[in-house]
Amino acid sequence: MGPWSRVRMVKCQMLVTSFFVLLLGLSMATLAALTYYGARFAVIGHATSDKTPYEAMHRWTFYTGISLAGLLTVGAVLGAAATMREAGGLMAGGFLCFALVFGALVEVAFWRFHNPTQVEDAVLDTYDLVYDQAVKNVSGTPQQQLVAIQDTFLCCGKSSPFSLLGDLEVSLCQGEEAARQDCLVGIRSFLRMYGNIASILTGIGLATMVYAMLLSSFLWFAIRSGCSLDRKGKYTLSRR
């Protein structure tokens with residue numbers, strides 16, 4: 001395979017990779033929006049104050065996801081435009097976006113590996129706080145917040161470590177609500193499913209960024225060396 005054929009093949013791969021990077025950016029933007037505006041996360045957020053660890057983590061996750069989605073979109077557009085126009089500056093910009101996303105995803109994977117239950121613990125602590133406040137004040141705002149959380153997660157109450165519940169705790173789950181699952185179990189299972197989806201996207205993103213950086217760096221060197229797909233230049237007729 002000659003050098004021109006290799007360049008042409010890499011350009012096709014870069015266009016396809018840019019399309020997948022764009023889809024990955026849309027997926028991360030959707031995940032970030034669901035994390036911030038989704039019913040389950042929103043109902044937990046309404047029951048917390050701005051000073052709780054959950055609220056700070058909630059905002060950090062949203063802004064990180066949106067920033068990564070923006071960088072992925074910009075990188076995909078720059079990579080595709082640089083491939084079509086054979087522009088070295090645009091290709092360098094696309095490589096920079098891919099490198100920034102790769103570094104951020106490495107940080108996210110490192111944090112996820114060393115703190116696998118931090119999000120889960122923050123949400124469960126918030127539910128425990130609302131539950132305890134509702135038990136002490138049955139007719140107040142904590143009771144309304146608890147009902148909203150339980151209706152959203154389709155759960156009710158939590159099991160006692162001593163298998164004995166007080167009268168006020170029993171009164172929180174009556175009738176059909178008593179047949180629902182334990183809220184601690186329901187919230188934990190939802191967060192683990194959500195965390196698995198985020199981990200899969202992180203792994204796909206890391207692999208895609210490595211491939212995109214390899215392609216963009218190869219094409220940048222090819223453009224700098226003049227190995228374009230369509231040879232463009234100035235042609236002069238020599239005199240006989």
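Guide: Helix axes are here lines fitted to C-alpha atoms over the stretch in contact, and the angle between two of them runs from 0 to 180 degrees between N-to-C directions. The model is a predicted one. In it, the axes of α5 and α8 come within 10 Å and cross at roughly 150°. Angles over 145 degrees count as roughly antiparallel, and α5 and α8 are therefore roughly antiparallel to each other. The crossing in which α5 passes α8 is right-handed.

On the α5 side, the contact is formed by Val119, Glu120, Val123, Leu124, Tyr127 and Asp128. The residues that α8 brings to the contact are Cys183, Leu184, Ile187, Arg188, Leu191 and Arg192. By class, the contact of α5 with α8 comprises 8 nonpolar and 4 charged residues, with no polar ones.

The largest pocket has a volume of about 720 Å³. Both α5 (118-136) and α8 (183-225) are among the elements that give two or more residues to its lining, together with α1 (3-37), α3 (53-85) and α4 (88-114). Of these contributions, the largest share comes from α8, with 11 residues. The lining of the largest pocket consists of 33 residues, and those nearest the pocket centre are Leu31, Thr61, Val108, Trp111 and Ala198. Sorted by class, this lining holds 19 nonpolar, 11 polar and 3 charged residues.

Technical notes:
Residues numbered from 1 in each chain as written. Predicted model: local features only at pLDDT ≥ 70, side-chain atom pairs only at ≥ 80, totals over all residues. Heavy atoms only, no water. 1 Å grid on protein atoms, 1.4 Å probe; cavity = no way out; pocket = protein on both sides within 12 Å on 5 of 7 lines; lining within 4 Å. Points joined across faces, edges and corners; volume = space filled by probe spheres on them. Helix = DSSP H or I, 4+ residues; strand = E, 2+ residues; numbered from the N terminus. Nonpolar A, V, L, I, M, F, W, Y, C, P; charged D, E, K, R; others polar. Parallel < 35°, antiparallel > 145°, perpendicular 65-115°, else oblique. Left-handed = near helix turned anticlockwise from the far one by under 90°. Contact = heavy atoms within 4.5 Å.
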